[in-house]
Amino acid sequence: MKILAVDDSKVARLFLIKTLKEVEPGAQILEAENGLVALELFKEHAPDIVFLDLTMPVMDGYQALREIMALNPKAQVVIVSADIQSQAQALVMELGAKAMVPKPITSDKMTSIFEQLSI
């Protein structure tokens, strides 16, 4: 399984990757620090799932989500963000995200997401 972890905060990204390795120890994990790098990695590697932050420099998570869904409308994108307001949740779900969870994501929540997405 290929997983793309996207967050501009190195600490948050490392925590996300640590949690991913606990839940999916055999997964190949790619990482990006902004939406533009994420989009390039998505095109090149076609990950099975993307964990995407919203607030990032260069290209934010909203635009990255739009671009990813335009490339592959069936892409499995989970938003992991500190911004969990209802407007943000409604927008990302409208754009095609499969789920939105608050930071920091726990291994239990991540396991639940993998089960929900049947991955």
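Biologist: How many bridges join strand S3 to S4, and how do these strands run?

Modeller: Three bridges join strand S3, residues 49-52, to S4, and the two run parallel. Two strands count as paired if DSSP finds at least two bridges between them, while helices (H or I, at least four residues) and strands (E, at least two) are DSSP runs numbered from the N terminus. Within this pairing, Leu 52 stands opposite Ile 79 in S4, and the chain crosses from S3 through helix H3 (residues 61-71) to S4 in a right-handed β-α-β crossover. Right-handed here means that, with the strands pointing away from the viewer, the path from the first strand over the helix to the second runs clockwise.

Biologist: Before we go on, what should I know about the model itself?

Modeller: It is a predicted model, in which local features need pLDDT of at least 70 and side-chain atom pairs count only at pLDDT 80 or more, whereas totals for chains, interfaces and linings use all residues. Residues are numbered from 1 along each chain as its sequence is written, and side-chain values use heavy atoms, with hydrogens and water left out.

Biologist: What is the strand order in the sheet?

Modeller: The open sheet has five strands in the order S2-S1-S3-S4-S5, with parallel pairing. Its edge strands, each pairing on one side only, are S2 (28-32) and S5 (99-102).

Biologist: And what joins S4 to S5?

Modeller: Strand S4, residues 77-81, is joined to S5 by four bridges, and these strands run parallel; Val 78, for instance, stands opposite Ala 99 in S5. With helix H4 (residues 86-95), the two strands make a right-handed β-α-β unit.

Biologist: Is S4 buried or exposed?

Modeller: Five of the five residues of S4 are buried, so the strand is largely enclosed by the rest of the structure, where buried means under 20% relative accessible area, exposed over 50%, and partly exposed in between, using a 1.4 Å probe and protein chains only. Val 77, Ile 79 and Ser 81 point one way from S4, and Val 78 and Val 80 point the other way.

Biologist: What does Ser 81 touch?

Modeller: Leaving aside neighbours within four places in sequence, Ser 81 is in contact (heavy atoms within 4.5 Å) with Asp 53, Leu 54, Met 100, Val 101, Pro 102 and Lys 103. Ser 81 counts as buried because its relative accessibility is 2%.

Biologist: Where does Asp 53 sit, then?

Modeller: Asp 53 is in the loop between S3 and H3, and at a relative accessible area of 3% it is buried. Its side chain makes a polar contact with the side chain of Lys 103 at 3.4 Å; such a contact is a pair of N or O atoms within 3.5 Å, where within protein one must be able to donate a hydrogen and the other to accept it, and residues adjacent in sequence count only if both atoms are side-chain atoms.

Biologist: Changing topic, which residues have the most contacts inside the largest nonpolar core?

Modeller: They are Leu 4, Leu 52, Leu 65, Val 77 and Ile 79, in a core of 26 residues. H3 supplies the largest share, five residues. A nonpolar core is a set of buried Ala, Val, Leu, Ile, Met, Phe, Trp, Tyr and Cys residues joined through side-chain atoms within 4.5 Å.
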